[in-house]
Amino acid sequence: MEDSYLHKGLRKKLVEEIRRKGIQNQDVLEAINCVPRHLFMDSSFVHFAYKDQAFPIAARQTISQPYTVAFQTELLDIQKGDKVLEVGTGSGYQAAVLLEMGAKVFTIERHKVLNRGAQTLLPQIGYRPRFFYGDGFEGLPTYAPFNKVIVTAGAPEIPEKLIDQLVIGGKMVIPVGETSSQCMLLIEKTSEKEYKTSEHGAFVFVPMLKGKE
Ligand code: SAH
């Protein structure tokens with residue numbers, strides 16, 4: 001579980017690259033600078049950890065591209081103490097970035113191996129979200145409402161149940177669309193029954209699927 005000067009140096013370069021690509025929020029850049037991304041990937045792939053690329057993890061899933069993680073986090077406008085629901089724990093990297101920003105994180109994953117893997121790794125490196133094994137389309141009604149919801153898989157449509165679990169004034173960031181490409185949506189809940197939606201460009205995510213594996 002080493003985080004060497006080499007890793008730290010590569011991370012600084014990655015942060016500069018993401019800044020050049022348009023991420024401005026200093027707290028987001030600082031969080032990316034703090035989280036040792038190489039520890040979330042198989043140790044034979046450390047050389048890929050600080051490239052701005054998505055990378056395969058277990059169960060045919062991916063750890064998102066760092067720019068995408070930063071982009072979604074910036075759009076969510078995370079404030080210290082925000083209660084955040086993440087759909088798609090995957091490697092746990094995005095959850096660690098949210099925790100670095102001072103959020104309380106509740107993260108759901110539908111693949112048991114990924115849920116277990118993240119649940120083992122994260123506490124070892126000092127990150128303590130609450131982990132749930134289940135179907136993110138259902139959200140976590142018992143723990144709602146949330147200030148923010150982040151979906152890290154491509155959804156076929158906006159899951160209304162997740163909007164129900166937001167506070168009024170709360171925000172959700174979710175890529176929605178076909179499996180080949182999705183549009184990043186920011187949804188702001190304006191009243192018990194209403195919300196407004198804005199579009200923030202095209203991205204490619206692994207699909208959000210129903211049920212558990
Ligand atoms: N946030 C992750 C990205 C993982 S990729 C990271 O930082 O590494 C998206 C993840 O969403 C995959 O692990 C996939 O299994 C998961 N996923 C897809 N559909 C889901 C659902 N309905 N509920 C929970 N997780 C889901």
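1. Starting with the ligand: its shell draws at least two residues from each of strand 2 (62-63), strand 3 (83-87), helix 4 (93-100) and strand 4 (104-109). Bear in mind that this is a predicted model.

2. Of the 28 residues around the ligand, the nearest are Gly88, Ser91, Glu109, Gly136 and Leu209. Sorted by class, that shell holds 13 polar, 11 nonpolar and four charged residues.

3. The side chain of Glu86 puts an N or O atom 2.9 Å from a ligand nitrogen. For Asp135, a polar side-chain atom is 3.0 Å from a nitrogen atom of the ligand, and for Thr152 an N or O atom of the side chain is 3.1 Å from a ligand nitrogen. On its own the ligand has 580 Å² of accessible area, and the protein covers 99% of that.

4. The ligand's space is the largest pocket, with a volume of about 510 Å³. Its lining counts 36 residues, and Thr62, Ser64, Thr152, Ala153 and Val206 are the ones nearest the centre.

5. The lining splits into 17 nonpolar, 15 polar and four charged residues.

6. There's also a second largest pocket, of about 290 Å³. It has 15 lining residues, with Phe40, Met41, Asp42, Ile57 and Ala58 nearest the centre. Helix 5 (residues 112-124) gives the most here, five residues. By class, the lining has 11 nonpolar, three polar and one charged.

Notes:
Residues numbered from 1 in each chain as written. Predicted model: local features only at pLDDT ≥ 70, side-chain atom pairs only at ≥ 80, totals over all residues. Heavy atoms only, no water. Near = heavy atom within 4 Å. Polar contact = N/O pair within 3.5 Å; in protein donor to acceptor, adjacent residues only side chain to side chain. Areas by Shrake-Rupley, 256 points an atom, 1.4 Å probe, with all protein chains shown as cover. 1 Å grid on protein atoms, 1.4 Å probe; cavity = no way out; pocket = protein on both sides within 12 Å on 5 of 7 lines; lining within 4 Å. Sits in = over half its atoms within 2 Å of the grid points. Helix = DSSP H or I, 4+ residues; strand = E, 2+ residues; numbered from the N terminus. Nonpolar A, V, L, I, M, F, W, Y, C, P; charged D, E, K, R; others polar. Points joined across faces, edges and corners; volume = space filled by probe spheres on them.
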